[in-house]
Amino acid sequence: MTPPDFGRPRRTRGTPASWLRSGGPSALVFALPVLLIFGVFSWLPIGRALIMSFQETNLIVSSWVGLENFQAVLADPKLPLAVKNTAWFALLALVFGYPIPLVAAVLMSSVRRAKGLYSALAYLPVVVPPVIAVLLWRFFYDARPEGVFNEILSTVGLGPYPWLQSQTWAMPSLVLEATWAAAGGTVIIYLAALASVPAELYDAAEVDGASVWRKIVHVTLPHLRGVLFVTLILQVIGTAQVFLEPFLFTGGGPADSTLTILLLIYRKAFGQNLGAEFGEATALSLLLAVFLALMSLLYFRLTRSWSTT
Amino acid sequence: MTTTTPTPVTGASAGAPVLPSDGPRRATTTRSQRILRARTERGSTDEERGYVSTGDWRRPHLRRSLSTAHLVLLVLLVVWGIGPLLLLAKFAVTPTQDILRTPLSVFPHGMAWENLDAAWNEIGISRYFLNTVWVAVGSWASQVLVATTGGFVLSVLRPRYAPVLHWAVLATLFVPAIVLLVPLYLTILHPPVGGSLLNTFWAVWLPAGASAFNVVLVQRFFDSLPREVFEAARVDGANDFHLFWWIVLPMSKPILGVVSVFAVVASWKDFLWPFLVLRDPDLQPLSVRLPTLFGTTDLGAMMAALAISTLIPILMFLIFQRMFLRGAGLGGAVKG
C-alpha cells in the first residue's frame, strides 16, 4: 500500500517560502506548537549551551573565554572525586541491582497462580515518588541504635551502623535505596522478555531430555542476552546522571564522599554563588553529554539490530 | 525536559535515544511491540509456557521445591514492596515520640490521628497537593498538545519539511537534560518575548511539552492508522482540522492514554526543575516542598504528609496497573 498523497503540491524546486507553503497553511498551524515549544525550550537552549561553554557568563553579561571553562573544569580537584564517586555508585548499583531482578524475574515467570500479584508487588516501590522514598529512607537510616534499620539488624546481632554519616557507608546506603526504587522496573522488562522466548525452544529441549535447570541455562538465559545488555547500558546512562539521592540524602557529604558529577554541575551553577560558574557548569555538562551520547549510540545500534533480526 | 531526576536502572531521562527509529515511513515493529503482541496473542491459554513443562510440574520433588521457591519469593516481595510503605502508614498515625524511640513497636502509646490533620492543615499539604495537581495537569496538556499536533504534521500531513522537523525533534533525544539545565534556566529567566517566567507554572508546563519521546511515540501510532479512512474523509470534504479532531484523535485513545499516564507520573515525580524555577513556596508542588520541611517539622505530622503524598500515585497504579506495567515493559526496549 502506498500512502496516498493528500493535496501535496507537485514537486517543484523552490525557495524556502514554497517549501514552507507545501502542505498548505494548516500544516504550518499544526506544526506551530512543535516549532515554538521545541524552538524556545529545546533547540535554543541546546545552542545556547554550546555557546555558553566558551563564555564567561553571569546573569547579566558574558564574554568569550575560549577553552578556559573546559580547562578549569578538568583542572578542578573535585572532578576526579566526582567521577570516582559516580563510578562507585554505578558499580554498586550493578552489584545490587543487576542480578537480583534477573533471579526474581526468572523465578516469577514460572509462577502459575497470581502472577500479577508478584509483578505488582515488585513494581510498587517504583510508583512511590522518588523524593518521598528518599525522605522515608533517610529516616530508616537513622544512625541511633533506635533507628529503623539498626533496630532490625540488632535482632540478628548486627550494628548499630552509622549509615549516611560515615564516609564508607554513605554511598552503599544511597545505592540500596536507589535499587529499591528502581529494581521493579527492571523486573518487568525481564518478564516481558521472558514471555517472548519461543515455546518451541523449550519443547525441543524437552525432547532432548533437558532438566529444568538446563532449560534455564541453555534456553532462557541465552535468550535474555540482548535485554540484559540493554538494561546494562540503560543503567550506566541512568547512574551516570544520579542526582536526587546524593542531593537529598547527604548533600554530597560526608566530606564529599557522595559528591557525584551532576551534583558538582549543580553546585557550580546554582551553588552558593548563583550564576558565578554558569560557563563551567555547562562545559562539564557537555563533557558528560558526550560520554552519554556514546553510550546512547551503542544502545541505539544494538536495539536497532535486534529489532530487525 | 520532563525528567530532570534520573533514576538508575530505568534511567528514564533524556540522554538515551528513546526509539530505535527507522525512518518515519518504514513500519517495522520494535522488540517490545513484538513481545507485547506475542504475549497478548498467546494470552493465558496453555500455549504460554516457560521453562517448566506440564510434565515437570507432575514430578513431586520438583513441584515441591519450585513451590517453596515461589513462596519464599512472595514473602521477600511483600517485605520489599509493602514493608516500607506499611511502616510509613504506621508512622503516619503514631505519636512522634513513639516514632523516634520505638519505630518498630505497634502503637505502644496509642495512635495519633491528629498527625493527619496537622499535615493537611498546619503543614499545608492541601495547598502543595493542589499545586502538584495543577503542575501535572498543565504539563499533561502541553505534552498532549505538542505530541498530537506534531505527530499529525509528521505522520498525516507530511509537508516537505516534515523529514527535517522529524530529525530535529529526534536529535533532542540525544541531549541529556543536564545540558539544558543552565541555558533553560536562563531562558525561563529572560524568555525571548520579555518578562520572566520564574515563579510561574508556565516555567514547568512549557518545557514539559518539548518531549521528543512523546512526539515520536504518537507519530508512530498515527503511522499505523489506516490511510483509507483519511482518504474517505477527504472525499467527504473534511479539511485538516476536521481530520485531526474527528478522525485521528478519536482513533488514538490508546496512545493518548499511554502519553497521559507517562506525563502525569513524570510530572508527579519531577524534582530538580520545579525546585529551580518555583522558588515561591506558595507555588511549590509536594516533591519540592517536602524536603525543605523535613527536619524542621514535627516528625509525626511529616510522616503523615509523606503518606498522604504517596497515596495518589499508589491509587493510580492500582487502577491503571496494566498500563503502568506495559509502559515499564516498553521502557526497556523502547524508552531510554
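Student: How many residues does the contact take from chain A and from chain B?
Tutor: Keep in mind that this is a predicted model. The contact takes 130 residues from chain A and 135 residues from chain B.

Student: And what area is buried between chain A and chain B?
Tutor: About 11800 Å², with carbon and sulfur atoms giving 75% of it.

Student: How many salt bridges are there between chain A and chain B?
Tutor: The count is one salt bridge between these two chains. Lys215(A) and Asp56(B) meet there through their side chains, at 2.7 Å from N to O. For polar contacts, the count between chain A and chain B is 13 residue pairs, both residues at pLDDT 80 or more.

Student: Which helix of chain A gives the most to the side that touches chain B?
Tutor: That's helix α2 of chain A, residues 24-52, with 21 residues. Going by residue type, the side of chain A that touches chain B divides into 91 nonpolar, 27 polar and 12 charged.

Student: Back to Lys215(A). Which residue of chain A does Lys215(A) form a salt bridge with?
Tutor: Glu206(A), and the closest N and O atoms are 2.6 Å apart.

Student: Are Lys215(A) and Glu206(A) buried or partly exposed?
Tutor: Lys215(A) has 0% relative accessibility, so it counts as buried. Glu206(A) comes out at 23%, so it counts as partly exposed; the buried class stops at under 20%.

Student: Which residues do salt bridges that share partners join into one network?
Tutor: Asp76(A), Lys268(A), Glu277(A) and Glu280(A). Within that group, Lys268(A) forms a salt bridge with Asp76(A), and their closest N and O atoms are 2.7 Å apart.

Student: Why does the Lys268(A) and Asp76(A) pair tie together parts that are apart in sequence?
Tutor: Because Lys268(A) lies in helix α13 of chain A, while Asp76(A) is in the loop between α3 (68-75) and α4 (78-97) of chain A. The parts tied together are 192 residues apart in sequence. Both Lys268(A) and Asp76(A) are buried.

Student: How many salt bridges are there over all chains?
Tutor: The count comes to 12. Another one of them pairs Arg144(A) with Glu146(A), where the closest N and O atoms are 3.2 Å apart. Arg144(A) is partly exposed at 31% relative accessibility, and Glu146(A) is partly exposed, at 31% as well.

Student: New topic: where is Ser257(A)?
Tutor: In chain A, in the loop between α12 (244-250) and α13 (261-270).

Student: Is Ser257(A) buried or exposed?
Tutor: Buried: its relative accessible area is 13%, and the cut-off for buried is under 20%.

Student: What does the side chain of Ser257(A) reach?
Tutor: The backbone oxygen of Pro254(A), at 2.8 Å. Leaving out residues up to four places away in sequence, Ser257(A) touches Asn85(A), Gln167(A), Ala170(A), Met171(A) and Gly252(A).

Student: Last one, over to chain B. What should helix α14 of chain B span at 1.5 Å a residue?
Tutor: Its 17 residues, 253-269, should span 24 Å. The end C-alpha atoms are 24 Å apart, so the model agrees with that.

Student: Which residues of α14(B) are buried?
Tutor: Among them are Ile255(B), Leu256(B), Val259(B), Ser260(B), Ala263(B), Val264(B), Ser267(B) and Trp268(B). As a general point, an α-helix has 3.6 residues a turn, so residues three or four places apart point the same way.

Conventions:
Residues are numbered from 1 along each chain as its sequence is written. Chains are lettered from A and ligands numbered from 1 in the order in which they are written. This is a predicted model: local features need pLDDT of at least 70, side-chain atom pairs count only at pLDDT 80 or more; totals for chains, interfaces and linings use all residues. Side-chain values use heavy atoms; hydrogens and water are left out. Helices (H or I, at least four residues) and strands (E, at least two) are DSSP runs, numbered from the N terminus. Buried means under 20% relative accessible area, exposed over 50%, partly exposed in between (1.4 Å probe, protein chains only). A polar contact is a pair of N or O atoms within 3.5 Å; within protein, one must be able to donate a hydrogen and the other to accept it, and residues adjacent in sequence count only if both atoms are side-chain atoms. Contact means heavy atoms within 4.5 Å. A salt bridge is a side-chain nitrogen of Lys or Arg within 4 Å of a carboxyl oxygen of Asp or Glu. Buried area is the accessible area (1.4 Å probe) that two parts lose on being put together, summed over both. Ala, Val, Leu, Ile, Met, Phe, Trp, Tyr, Cys and Pro count as nonpolar, Asp, Glu, Lys and Arg as charged, and the others, Gly among them, as polar. The expected span of a helix is 1.5 Å times one less than its number of residues.
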